[in-house]
Amino acid sequence: MDLKTYFDQFNSKRILVIGDVMIDAYIRGRVTRISPEAPVPIVSLDQREDRLGGAGNVALNLAALGASPILCTVIGNDAQSDLLRRLLKDNAISGEGIIESSSRKTTVKTRVIGNNQQLLRVDSEQTDPITADEENELINSAAALIESGVEAVIFEDYNKGVLTPRVIEAIVSIANKHNVITAVDPKKENFFAYRNVTLFKPNLKELKEGLGVNFDFKTDRTTFESAVALLESKLENTISFVTLSEHGVFMCDRSEKHYVPAHLRNIADVSGAGDTVISVATLCLVVGMPLKLVAEMANLSGGLVCEVSGVVPVDKIQLLKEANKLSN
């Protein structure tokens, strides 16, 4: 099957995205003087911009690839939740699985940028685990959506309290019962809660920290592969996918393994690249791409979004064009 046929099959695939959704806010302006009140720059405001972040950025990437993402999370019942829902509507993304709670706040990360340089970031967030009642609501919401028919579930974990071990284990079990692909972008906190998933995607730092091992990837591939094998023995996942920064990616299952080197690119910003990579990898698995091709497409997509400043979703047409160049 050629690449365009695979890419065409991305269209309208229903993908459930579960995890920490946030708003990325940007305050941009010019700095021409220092404040007389304190030794800090004064930013003369030019623009304020609000974007979907966290698991919301995964949804944006899926939508850009032609899929139909559905967000499932717990947010606050506040002014920021209203803004979040407006952003979802503006981007034609379903928030069918979103639960509002008066006991939580909607996460907002505000970046103050002066003369194209980030000067400050202010985080308004709540990171304690959701309550047992909220867990029940979230599990029931996800179960109903899985039973209504989705091709995959992506767990996007930013350690903001939505993905608790109980939520993770319950939803993985429901997905497996319905033969639905599960893909995980983990953080250290719940590293070993994601047992029996289809694809587990840590980066190299997360792999080392999660397992408590240390090695030099450049000179010791044997120890690296032993670490991956140890991870698989603990998680019993089907596919391991480790992003290796400037070294590319590694992907393996029980029968094959592939190292895909990074492409030489003019890196402008690595923010959001992991969201793109998990989105592309998941859709490639959904449409049945061979494992090596899954790794190559995900690796290429991560490189492409790093060429653009800021957190941006992947461009499907550009990705196909670049992929076809490499295959010729």
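Predicted model: local features only at pLDDT ≥ 70, side-chain atom pairs only at ≥ 80, totals over all residues.

Trainee: How do you know that the chain agrees with a compact globule?
Mentor: The rule is 2.2 Å times the number of residues to the power 0.38, with the radius of gyration taken over C-alpha atoms. For 328 residues a compact globule would have a radius near 20 Å, and the chain has 20 Å, so the two agree.

Trainee: What makes Cys72 count as buried or exposed?
Mentor: Buried means under 20% relative accessible area, exposed over 50%, and partly exposed in between, with a 1.4 Å probe and protein chains only. Cys72 has a relative accessible area of 0%, so it is buried. Cys252, at 7%, is therefore buried as well. Of the 328 residues in the chain, 53% are buried.

Trainee: How many disulfides does the structure hold?
Mentor: A disulfide is a pair of cysteine sulfur atoms within 2.5 Å, and the structure holds zero of them. Cys252, for example, is in no disulfide, and the nearest cysteine sulfur, that of Cys284, is 17 Å away.

Trainee: How do you know that the span of α5 agrees with what a helix should have?
Mentor: Helices are DSSP runs (H or I, at least four residues), strands are runs of E (at least two), and both are numbered from the N terminus. The expected span is 1.5 Å times one less than the number of residues. Helix α5, residues 165-177, has 13 residues and should span 18 Å; its end C-alpha atoms are 18 Å apart, so the value agrees. In α4, the 18 residues reach 26 Å from the first C-alpha to the last, close to the 26 Å expected.

Trainee: Why are the buried residues of α5 said to lie on the same side?
Mentor: The buried residues are Val167, Ile168, Ile171, Val172, Ile174 and Ala175. They cover an arc of only 165° around the axis, which puts them on the same side of α5; the arc is that of the directions from the helix axis to the C-beta atoms.

Trainee: What covers the buried residues of α5?
Mentor: Taking contact as heavy atoms within 4.5 Å, the cover includes β1, α4, β8 and β9.

How values were computed:
Residues numbered from 1 in each chain as written. Heavy atoms only, no water.
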